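Biologist: Could you take me through this model before I set up any calculations on it? I would like the terms made clear as we go.

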Amino acid sequence: MAVAKKIQIYDTTLRDGCQSEDVSLTTEDKVEIARRLDDIGIDYVEGGWPGSNDRDAAFFIEVKKAHLKHSKIAAFGSTRRAGVKASQDRNLQLLLKADTPVAAVVGKTWDLHVREALRIPLEENLEILHDTIAFLKKHVDEVIFDAEHFFDGYFHNKNYTLNCLRAVDDAGVDRICLCDTNGGRLPDEIVDAVTTALATVKAPIAIHCHNDSEVAVANTIAAVKVGATQVQGTINGVGERCGNANLISIIPDLQLKLGYQCVPPAKLKELREVSMLVYELANITPSSRQAFVGKYAFAHKGGLHVSAILRNTTTYEHIDPALVGNDRHVVLSELSGKANIMYKSKELGLDIDPKNEKIGDLLEEVKRLESEGYTFEGADASFELLMRRTLGMTSEHFNFVSFRVFDDKWHEDQAPFSEAVVIIEGPDGHRSRTSAIGNGPVNALDSALRRALVPYYPALENMHLADYKVRVLDNGRGTGARVRVLIESTDGRKRWSTVGVSANVVEASWQALVDSVEYKLHKDHLKPRARPADVNGDSKGKSSGKRGVQPNP
Ligand SMILES: [Zn+2]
């Protein structure tokens, strides 16, 4: 068997990725990302521009303590200023101070920039390029030259741009990275220019594309196919403007479809986790539509698709989702048929006889609820409960009697607060009334409900809301519109999502809250313990002495 050709992966999430308007990472975040990239076998991690800010300089100190096993750390800088010796250039000194095995320097290769931005003769820029590389080569193991605006330069003044490459090549550069800095080029142009560059210089070629034409991944792949052996990009394609080439797509494309090796094959399935880590640390909501790793990347909605998928997954999937650490996901919707229900039950580990007559009832119920505005696509836990309830596979852990919510605001400058009173009938038939204060009505209801149930099910103590989303359903009806509430809950180990719909946001929230608690009780097979005699919590958790209070009318 032929050995897969190695393509080096050079990650610049920590440098170019941080140019994105919504990405700001602390030094600790950056070190954590570097560790994770090292762990999955990324060859180079560009840590930042030590000359530009203290945070980047701090990273190079901290990352040394992480003792990375595989990734080489690169520091970024620019060519020396005009009229200064390379050895006396402050930015180059800071670059060396980062003390990394790899230095990447960016320089001008488009005559327009030399004239307009540097405002120096074209010849002088060639000296700057040569000089900078020759100087760095004396001090750093590996020097990469980032040819800024290479492709734009190439199509405007090919000779000059190629002379720039010759200048760094003659100075002994280890690699030349061709940059589509403005992100405006298309794959055919990339192929033309990369091919010419490869024929012009001795140094191996890398590719660095931006996504302004939405083809950064395609451009990168095109460059590799004609001979680039290193790919620069960022995790999730974060970066300035429309972002950089997305390594989370490029790696599986090159490895699974074209047979190159980018990371060790066993590490491919960690791509999704790496993608999520960067989203989480950057505090960005992951895109559900993201190729390979998004929540919807392997989601199937139509009943026909689902029945085909059940027979053979390649019917509607380009790869096995597990290869990149993702899951197949079957969406329940008004399009669903019995196949979706059967698939979903299998996914949930429920053993249902396909001939069970109640499956028809369940389908009807799903359709009815969806027509009212429920969605089970983001609320698997509510769906599982609905399924168990309809098919008679569960019993409730408590009965609702009533709730009441008060909202108070006592002074214009003071935040309002809410108080909720909840009456439920416990598993022993005992009615209890609990109340709790919260910063809002849902928070108060959540606390009061759990306070009522914790005496029976102490494990509920560890559960809390992780996310809460409200969506207005009938936009035209203003404040009279129905709302859909989606709640995500966690007990520190797992997360689950539930849904509620009502014209009243408190009621919609209550439905989702009740499902969330019921789901936890089901999942953990929690059996009620005997209610301690003195428990009947009030807002302070002390006994209120009122038992079996009748619901408020
Ligand atoms: Zn860039």
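Modeller: Let us begin with a term: a residue is buried under 20% relative accessible area, exposed over 50%, and partly exposed in between, using a 1.4 Å probe and protein chains only. By that scale Asp361 is partly exposed, because its relative accessibility is 44%. Asp361 belongs to helix α14 (residues 358-371); helices here are DSSP runs of H or I with at least four residues, strands are E runs of at least two, and both are numbered from the N terminus.

Biologist: What is the C-alpha to C-alpha separation of Asp361 and Leu391?

Modeller: It is 8.6 Å, with the two residues 30 apart in sequence.

Biologist: Is this experimental or predicted, and how are residues numbered?

Modeller: This is a predicted model, in which local features need pLDDT of at least 70, side-chain atom pairs count only at pLDDT 80 or more, and totals for chains, interfaces and linings use all residues. Residues are numbered from 1 along each chain as its sequence is written, and side-chain values use heavy atoms, leaving out hydrogens and water.

Biologist: What is the average pLDDT of the protein chain?

Modeller: The average is 89, and 94% of the residues score at least 70; pLDDT is the predictor's confidence in each residue, from 0 to 100.

Biologist: And where does pLDDT stay under 50?

Modeller: That applies to residues 536-553, for which the model has 40 contacts beyond four places in sequence. A contact means heavy atoms within 4.5 Å. Where pLDDT is low, the predicted coordinates should not be read in detail.

Biologist: Changing topic, which residues are the protein donors of the zinc ion?

Modeller: They are Asp16 through OD, His208 through NE2 and His210 through NE2, at 1.9 to 2.1 Å from the zinc ion. Donors are N, O and S atoms within 2.8 Å of the metal (3.2 Å for Na, K and Ca), and sites may look incomplete because water is not among the atoms.

Biologist: Where in the chain do Asp16 and His210 sit?

Modeller: Asp16 is in the loop between β1 (8-11) and α1 (27-39), while His210 is in the loop between β7 (205-209) and α9 (216-225). The pair is 194 residues apart and links distant parts of the chain.

Biologist: Are those two buried or exposed?

Modeller: Asp16 counts as buried because its relative accessible area is 5%, and His210 is buried at 4%.

Biologist: Which residues touch the most other members of the largest nonpolar core?

Modeller: Phe150, Ile176 and Leu178 do, in a core of 89 residues. Such a core is a set of buried Ala, Val, Leu, Ile, Met, Phe, Trp, Tyr and Cys residues joined through side-chain atoms within 4.5 Å. Helix α11 (residues 271-282) gives this core its largest share, seven residues. Apart from it lies another core of 32 residues, including Phe398 and Leu460.

Biologist: Why is strand β15 described as largely enclosed?

Modeller: Seven of the eight residues of β15 (residues 483-490) are buried, so the rest of the structure largely encloses this strand.

Biologist: Which strands pair with β15?

Modeller: Strand β14 (residues 464-472) pairs with β15 in the antiparallel sense over eight bridges, and eight bridges also join β15 to antiparallel β16 (residues 495-502). Two strands pair if DSSP finds at least two bridges between them. β15 and β16 form a hairpin with four residues between them, and Gly492 in the turn has a positive phi of about 90°.
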